[in-house]
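Subject: Structure handover

Hello,

Here is the structure I promised to pass on. Please open it and keep it beside you while you read my notes.

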Amino acid sequence: MQIIKLSATESTNTYLKELALVKNLEDFTVVVTEKQTKGRGQMNGMWESEDGKNLTFSILKKFTSLTIQDQFLISICTSLAVYRSLMAFKIPDVRIKWPNDILSDNSKICGILIENSISGLKIASSVIGIGLNVNQITFENQPKATSLYALTGRTIDLEDLLHTVLQNLDTYLSKINPLNWEMLLEEYHSLLFRKDVLSHFVLENDAVFQGTLLGIGKEGKLKVRLEDGAVREFALKEVSLRY
Ligand code: BTN
């Protein structure tokens with residue numbers, strides 16, 4: 001495993017994607033930094049993280065036969081690897097919020113940004129970016145964010161945690177295989193935030209509706225039972241869960 005450590009960079013995802021364009025990197029190359037000047041989040045959002053306090057890193061994962069329709073397996077395996085790591089550090093009440101936010105006590109402790117490189121009908125490689133809030137104490141203007149320190153009062157060694165997450169990622173990403181869909185989906189569902197709970201959802205046009213979150217289909221769409229009993233599936237950009 002090659003680990004590239006940078007004192008600062010715009011975004012570890014951007015750095016790794018650009019490096020992979022000019023260099024033949026080995027599978028599971030990792031880029032980690034203490035400071036991102038333009039950390040990126042899902043849906044073109046930003047990722048804010050206090051310098052030196054948290055983990056911000058990205059992994060290049062290469063695939064040989066993963067098809068586009070199975071790409072949600074990457075989200076599942078990454079979320080489960082982070083979950084397992086947090087269990088090793090005895091973090092309470094950890095849940096996965098679809099598609100791949102990690103919450104504890106209803107607040108977000110980890111965000112994941114997966115950027116795939118596609119070749120024909122296959123995923124050739126992914127850059128998996130992970131932002132894990134570890135020792136940051138306060139989160140101004142981020143009411144939904146928390147950190148492991150805020151949850152437990154313990155300062156955690158960033159190197160220790162990084163190596164635990166990388167080890168779990170190595171284990172889970174090696175399970176990415178369509179034959180493992182049922183097993184991985186079952187584990188993901190058992191940890192899914194608000195599963196079988198009546199919740200509010202927000203559509204792209206800001207309209208709000210109520211429904212029961214039933215789970216995830218194989219393509220990674222969210223299945224919701226609406227108030228009239230109909231079951232609808234929503235793709236990633238179509239809907240968000242209000243919490
Ligand atoms: C989200 O919006 O929840 C996803 C946040 C992902 C943040 C991580 S930090 C390391 C990597 N580099 C980035 O620019 N983003 C990801």
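Aspartate 27 is partly exposed, at 33% relative accessibility. Here buried means under 20% relative accessible area, exposed means over 50%, and partly exposed lies in between (1.4 Å probe, protein chains only). The side chain of aspartate 27 meets that of lysine 61 in a salt bridge, 3.0 Å from N to O. The pair links distant parts of the chain, 34 residues apart. Lysine 61 is in strand S3 (residues 55–67), and aspartate 27 is in the loop between H1 and strand S2 (29–33). Helices (H or I, at least four residues) and strands (E, at least two) are DSSP runs, numbered from the N terminus. Lysine 61 is buried, with a relative accessible area of 11%.

A word on the source: this is a predicted model, in which local features need pLDDT of at least 70, side-chain atom pairs count only at pLDDT 80 or more, and totals for chains, interfaces and linings use all residues. Residues are numbered from 1 along each chain as its sequence is written, and side-chain values use heavy atoms, with hydrogens and water left out.

**Salt bridges**

How many salt bridges does the rule count? The count comes to nine. The rule asks for a side-chain nitrogen of Lys or Arg within 4 Å of a carboxyl oxygen of Asp or Glu. Side chains of opposite charge can pair when their charged atoms come close.

One of the nine salt bridges joins the side chains of glutamate 115 and lysine 17, at 3.1 Å from N to O. This pair also links distant parts of the chain, 98 residues apart. Glutamate 115 sits in strand S6 (residues 107–119), and lysine 17 sits in helix H1 (residues 12–22). Are the two partners buried or partly exposed? Glutamate 115 is buried, with a relative accessible area of 17%. Lysine 17 is partly exposed, at 33%.

Lysine 195 forms a salt bridge with aspartate 196, and their closest N and O atoms are 3.2 Å apart. Lysine 195 is partly exposed, at 26% relative accessibility. Salt bridges that share partners also join Lys17, Arg40 and Glu115 into one network.

Which residues of H1 are buried? They are Thr12, Asn13, Thr14, Leu16 and Leu19. Their cover includes strand S1 (3–6), S2, S3, S6 and strand S7 (122–132). At the start of H1, a side-chain oxygen of serine 11 reaches to within 3.3 Å of the backbone nitrogen of asparagine 13.

Threonine 9 lies in the loop between S1 and H1. Threonine 9 is buried, with a relative accessible area of 12%. Leaving out residues up to four places away in sequence, threonine 9 touches Tyr15, Thr33, Lys35, Gln36 and Thr37. Contact here means heavy atoms within 4.5 Å.

**Serine 104**

Serine 104 lies in strand S5 (residues 101–104). Serine 104 is buried, with a relative accessible area of 0%. Its contacts, leaving aside neighbours within four places in sequence, are Ile91, Pro92, Asp93, Val94, Ile109, Thr146 and Leu151.

**Two domains**

The chain is divided into domain 1 (3–190) and domain 2 (198–242). These bounds come from an automatic or database domain assignment. The domain centres, taken over C-alpha atoms, are 24 Å apart. Eleven residues of domain 1 are in contact with 13 residues of domain 2.

How much area is buried between the domains? About 1,000 Å², and carbon and sulfur atoms give 74% of that. Buried area is the accessible area (1.4 Å probe) that two parts lose on being put together, summed over both. In domain 1, Met43, Trp98 and Trp181 lose the most area to domain 2, together 53% of what that side buries.

Helix H5 (residues 181–190) gives the largest share of the side of domain 1 that touches domain 2, with five residues.

Methionine 43 is worth a look. Methionine 43 is found in the loop between S2 and S3. Methionine 43 and lysine 237 are 194 residues apart in sequence, yet 7.8 Å apart in space, C-alpha to C-alpha. Beyond its neighbours within four places in sequence, methionine 43 is in contact with Leu236 and Lys237.

Best wishes

Terms used:
A polar contact is a pair of N or O atoms within 3.5 Å; within protein, one must be able to donate a hydrogen and the other to accept it, and residues adjacent in sequence count only if both atoms are side-chain atoms.
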